[in-house]
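I set out each criterion where I use it.

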Amino acid sequence: MKKSLNMLPALLLVSFLSFGQQLPADSIFSKFYKATGGKALWDGVKTINLKRSYTAASAAPYDANVTVSIPDQSISKSKTIMKRSFVYTVKGNEGWIKVPIGQRTDVKDLSQAEQQNMRFEMYELLAPFIDYKSRGLIATTVGSETLNSVPVTQVELQGKGVKYNLYFDSKTGLLQRVRKNLAGVETTTDMSNYTKSGYGILYPSKLVEINSLDKKPVTVVSTATINSQVAPELFRR
């Protein structure tokens with residue numbers, strides 16, 4: 001018993017030092033920015049366009065074209081399924097969907113939940129922690145662990161109605177996994193095949209997503225164009 005008590009201060013010291021050695025979340029984010037092109041390039045991002053293909057073992061493949069204008073806080077996403085294109089758009093405080101019906105297009109309002117999800121997606125397309133403080137999110141370093149035999153550092157990013165757990169490769173600084181909790185649904189996204197865009201930023205061109213509802217992995221292959229000119233009619237109702 002006496003020996004155990006004598007060991008207690010040493011154990012507390014080790015615990016304190018381990019905690020003290022954790023990198024602040026901002027330092028982890030800075031390492032990511034440096035590894036993917038530099039903060040100056042990231043600060044210059046105004047528009048994003050992603051051409052994506054989605055494939056899953058139990059569903060028909062489909063394509064999507066996603067465009068974001070950060071200054072206008074707008075996002076437009078066109079899903080093409082069996083030659084029919086459904087266009088989801090959020091601009092400022094409004095959101096709508098355009099549904100093809102025969103030779104015409106029907107326009108309906110998106111629910112508040114659907115709009116909010118797309119506003120989160122606006123940043124998730126490249127990195128969910130962009131401008132996180134101004135968006136009302138709080139970042140906390142959780143600690144180190146191993147993911148697929150790779151040492152990673154986990155950061156929790158939390159805001160009103162949403163929580164992300166971010167896993168960064170401890171060596172390279174690249175984001176390897178995002179676990180998102182929104183409206184009771186958990187979505188895990190594994191990221192790979194980092195590719196250099198024409199703008200100069202590296203982005204993961206391959207994603208594998210699985211959520212707690214479908215529980216079926218979906219593979220997403222992306223091609224990104226950054227700061228291309230955006231046609232105004234894209235965000236017109």
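Entry 1, ring pairs. I took the rings of Phe, Tyr and Trp (its six-membered ring) as paired if their centres lie within 6.5 Å, with planes under 30 degrees apart called stacked, over 60 edge-to-face and the rest tilted. I looked up Phe29 and Phe168, whose pair is tilted, at 6.0 Å centre to centre and 50° between the planes. This pair links distant parts of the chain, with Phe29 in helix α2 (residues 25-35) and Phe168 in strand β9 (residues 162-169), 139 residues apart. For these elements I used DSSP runs numbered from the N terminus: helices are H or I with at least four residues, strands are E with at least two.

The model is predicted: local features need pLDDT of at least 70, side-chain atom pairs count only at pLDDT 80 or more, and totals for chains, interfaces and linings use all residues. Residues are numbered from 1 along each chain as its sequence is written, and side-chain values use heavy atoms, with hydrogens and water left out.

I call a residue buried under 20% relative accessible area, exposed over 50% and partly exposed in between (1.4 Å probe, protein chains only). Phe29 and Phe168 are both buried. I then turned to Phe32 and Trp42: their ring centres are 5.7 Å apart and their planes at 50°, so this pair is tilted. Phe32 lies in helix α2 and Trp42 in helix α3 (residues 39-43), so the pair ties together parts 10 residues apart in sequence. Phe32 counts as buried because its relative accessibility is 2%. Trp42 is buried as well, with a relative accessible area of 7%.

For a nonpolar core I joined buried Ala, Val, Leu, Ile, Met, Phe, Trp, Tyr and Cys residues through side-chain atoms within 4.5 Å. The largest such core has 47 residues, of which Phe29, Phe129, Leu166 and Phe168 touch the most other members. Helix α2 gives the most to this core, with five residues.

I required NZ of Lys or CZ of Arg within 6 Å of the ring centre and within 35 degrees of the ring normal. The charged end of Lys39 sits over the ring of Tyr33, 5.2 Å from its centre. Arg135 lies over the face of Tyr123, at 3.9 Å from the ring centre.
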